[in-house]
Amino acid sequence: MWALLAIMRVVPRLSTKERSKLPNSAFAYIDSRGRRRLPIHDASHVRNALARFGQVAFEDEDARDRARSRLLRAAQKQGIMPIGFINAQLQPQRQLPTGHVTFLVADIEGSTELLRRLGDQYEPLLADVRRRVRKAVRACGGREASARGDDVFAVFAPAPGALDAALAIQRAMHAGGWPGEIDVRLRIGLHRGRPALTDSGYVGLSVHAAARICFAAHGGQIIMSSAVRAAVHESLPDGVSLRSLGSWRFRGLPEPVHLFQTEAADLRADFAPLRSAIPAN
């Protein structure tokens with residue numbers, strides 16, 4: 001904290017006129033509305049940008065990556081070795097919550113068929129899906145733990161934030177705007193547990209359970225375990241209810257999991273039986 005205050009004291013303030021005369025290359029981050037943040041045109045501002053980087057709300061992870069790259073190039077140009085900044089950026093698990101957490105796993109339904117139909121257009125569609133998911137996760141207080149292939153794995157300390165994010169994601173997907181007016185759907189699974197956080201990420205049965213629950217769902221559906229239901233049922237958003245789907249067995253999990261479907265007036269509610277799961281009689 002004292003280091004940040006010291007940096008702030010020695011950084012010369014830019015007047016509006018001075019700021020307007022700087023080129024875009026003098027800023028680490030320029031958002032979609034053209035707003036320029038994190039000045040990096042001299043050594044003192046580069047140091048300030050390094051200290052403030054974690055406080056900036058980026059629009060998506062791609063924007064964060066671009067800003068990080070510009071900032072590191074500016075640091076190199078100014079002869080600054082940002083060892084602490086690099087370590088923090090290369091070890092994002094330090095920023096992930098520990099203890100009891102709620103996982104949100106979102107996966108594109110029918111991604112192979114979409115790839116076949118769209119060809120080169122699939123990559124920008126995937127990027128758009130991830131932007132919508134990340135925006136909802138960030139707005140609801142979650143953090144992205146990983147994004148591989150067609151799925152996104154996010155984590156929340158308070159369980160209600162995970163449910164809020166799931167609802168926001170499905171509503172954002174329903175808004176459409178997809179190439180060729182195709183219907184792109186996400187299946188979402190929510191599960192709560194106490195995994196171990198290692199240098200490579202989360203480890204434990206709860207991680208596998210979250211993925212199994214997601215992949216059992218259908219596009220447009222939000223499925224949660226009884227562990228999540230117990231943590232959110234007293235704080236459900238207005239108009240949202242949970243319907244029991246019974247207990248199901250999943251490959252690799254020692255005990256059946258009682259599942260609930262999230263229902264709201266603006267969400268689809270009629271789905272086929274769960275996939276890749278066996279009813280527990």
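This is a predicted model: local features need pLDDT of at least 70, side-chain atom pairs count only at pLDDT 80 or more; totals for chains, interfaces and linings use all residues.

Colleague: Which strands are the edge strands of the open sheet of 8 strands?

Modeller: The sheet has mixed pairing, and its order is S4-S5-S3-S6-S9-S11-S10-S12. An edge strand here pairs on one side only. The edge strands are therefore strand S4 (143-148) and strand S12 (278-279).

Colleague: Which residue in S6 does Thr102 stand opposite?

Modeller: Strand S3 covers residues 101-108 and strand S6 covers residues 186-193. The two pair in the antiparallel sense over 8 bridges. Within S6, the residue opposite Thr102 is Arg192.

Colleague: What angle does the direction of helix H8 make with that of S6?

Modeller: Helix H8 (residues 159-174) packs on the sheet, and S3, S6 and strand S9 (222-225) are among the strands it touches. Its direction and that of S6 make an angle of about 180°.

Colleague: Which residue takes a positive phi in the hairpin of S1 and S2?

Modeller: Strand S1 (residues 27-30) and strand S2 (residues 36-39) run antiparallel and are joined by 3 bridges. Ile30 stands opposite Arg36 in S2. The hairpin has 5 residues between the strands, and the one with a positive phi, near 85°, is Gly34.

Colleague: Is Leu38 buried or exposed?

Modeller: Leu38 lies in strand S2. Not counting residues up to four places away in sequence, Leu38 touches residues including Phe27, Ala49, Phe53 and Val56. Because its relative accessible area is 7%, and the cut-off is under 20%, Leu38 is buried.

Notes: Residues are numbered from 1 along each chain as its sequence is written. Side-chain values use heavy atoms; hydrogens and water are left out. Helices (H or I, at least four residues) and strands (E, at least two) are DSSP runs, numbered from the N terminus. Contact means heavy atoms within 4.5 Å. Axes are lines fitted to C-alpha atoms, for helices over the stretch in contact, and angles run from 0 to 180 degrees between N-to-C directions. Buried means under 20% relative accessible area, exposed over 50%, partly exposed in between (1.4 Å probe, protein chains only).
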